Amino acid sequence: MAGLAMAAGLALPTASMAESPTIKTIEERGTMLCSGHNGSYFGFVEVNDKNEWKGLDIDLCRAMTTALLGDPEKAQIVPLSWAQRFPALQSGDVDIIIKATGWTMGRDTELGLQFSIPYFFGGAQFMAHGDLGITEAKDLEGGTICVEAGTTIERIAANYLQSLGVEHTMVSYEKASELRAAYLANRCDSFVAWGPFLAVLRATELDNPDAHVILNDQLSNEPISAAMRQGDEEFVDFTNWMLAALLIAEEEGITSENVQEMAANPPNPKIARLLGTEPGMGERLGIRDTWAREMIAAVGNYGEIYHRNLGDDSPYKLERGLNNLWSHGGVLYAPQLD
């Protein structure tokens, strides 16, 4: 996926993208409805001890809400299971799915969905009880595999084990909490999930991390994208440029702390356009020119969002790897802001 591009003071909006029915609905409602989780998906969509939503996906929703409505607190998080997320989007119960969602052909062509350019990369892996002595998936012969229902991982794991000729029993659970409980109670030999989630879970939520082994097999490397209803191209454009603006800000060293100073004295024309000092950035999308400045001030650039929720400033300390900027050994990069 290394060649895949990432593209594509708070004030209320002064212009409306009338041709986007989704944005018109959001503006009229005065809140943006984003997908949550029916539990905690650590680092991405979770609830803290104060009963507040947090995570990388939550911060992206708040970034988008700030860009559209001028205030991150106007984001409303709707708890959903994996299986509920797409019906909820189609019925209008949420405006967008930002929930560790893989971009697949079936979802793109059969479910009436449209995807943003990826904002994260990660693949499925197995975790097994260390006392089984398992290091590779081929050693799971005759074993029981636990998986969360309604995800692509269920099918990916089944196909992968079939390709290896490994006989197994797959048991699915509706909630991540039920899945973890089943695994920890030894009702399954292995737990298959998204690799970043397994790494976070093993490092922080298991009493004895050394008693659990993440197997060497990398089942997939999925592009993770925001999902939207098909047919609203203007909303897709806006979502892509919202994500791009967060990356451009990181590339240019624009942070939540220095964004106002950068806007007052932009060091180059690109930053002047991005932050609305030079007019035109907002007009192209049908909103105010200062939307990216306000968004960055509220939630930070992409790097700040990552480190706060998954990286050095989080309990998880997950290295960025592929999810770094192209200039730092990763695969994330933004389109040209002309």
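## Aromatic pairs

A search of the whole structure finds 12 aromatic pairs. Rings of Phe, Tyr and Trp (its six-membered ring) pair if their centres lie within 6.5 Å; planes under 30 degrees apart count as stacked, over 60 as edge-to-face and the rest as tilted. The model is predicted, so local features need pLDDT of at least 70 and side-chain atom pairs count only at pLDDT 80 or more, while totals for chains, interfaces and linings use all residues. Residues are numbered from 1 along each chain as its sequence is written, and side-chain values use heavy atoms, with hydrogens and water left out.

Take Tyr-41 and Phe-197. Their ring centres are 4.3 Å apart and their planes are at 0 degrees, so this pair is stacked. Tyr-41 lies in the loop between strand E1 (32-35) and strand E2 (46-47), and Phe-197 is in helix H7 (residues 195-204), so the pair ties together parts 156 residues apart in sequence. Helices (H or I, at least four residues) and strands (E, at least two) are DSSP runs, numbered from the N terminus.

Tyr-41 is buried, with a relative accessible area of 6%. Phe-197 is buried too, at 2%. Buried means under 20% relative accessible area, exposed over 50%, and partly exposed in between (1.4 Å probe, protein chains only).

## A cluster and two charges

One aromatic cluster is formed by Tyr-41, Phe-42, Phe-44, Trp-82, Phe-120, Trp-194, Phe-197 and Tyr-306. The charged end of Lys-99 sits over the ring of Trp-82, 4.2 Å from its centre. Arg-320 lies over the face of Tyr-306, at 5.4 Å from the ring centre. A charge sits over a ring if NZ of Lys or CZ of Arg is within 6 Å of the ring centre and within 35 degrees of the ring normal.

## Around helix H12

Which residues of H2 meet H12? They are Leu-56, Asp-59 and Leu-60, and they meet Tyr-302, Ile-305, Tyr-306, Arg-308 and Asn-309 in H12. The residues of this contact divide into five nonpolar, one polar and two charged. Here Ala, Val, Leu, Ile, Met, Phe, Trp, Tyr, Cys and Pro count as nonpolar, Asp, Glu, Lys and Arg as charged, and the others, Gly among them, as polar.

Asn-323 lies in the segment after helix H12 (302-309). Asn-323 counts as buried because its relative accessibility is 4%. Leaving aside neighbours within four places in sequence, Asn-323 is in contact (heavy atoms within 4.5 Å) with Phe-120, Phe-121, Tyr-302, Tyr-306 and Leu-332.
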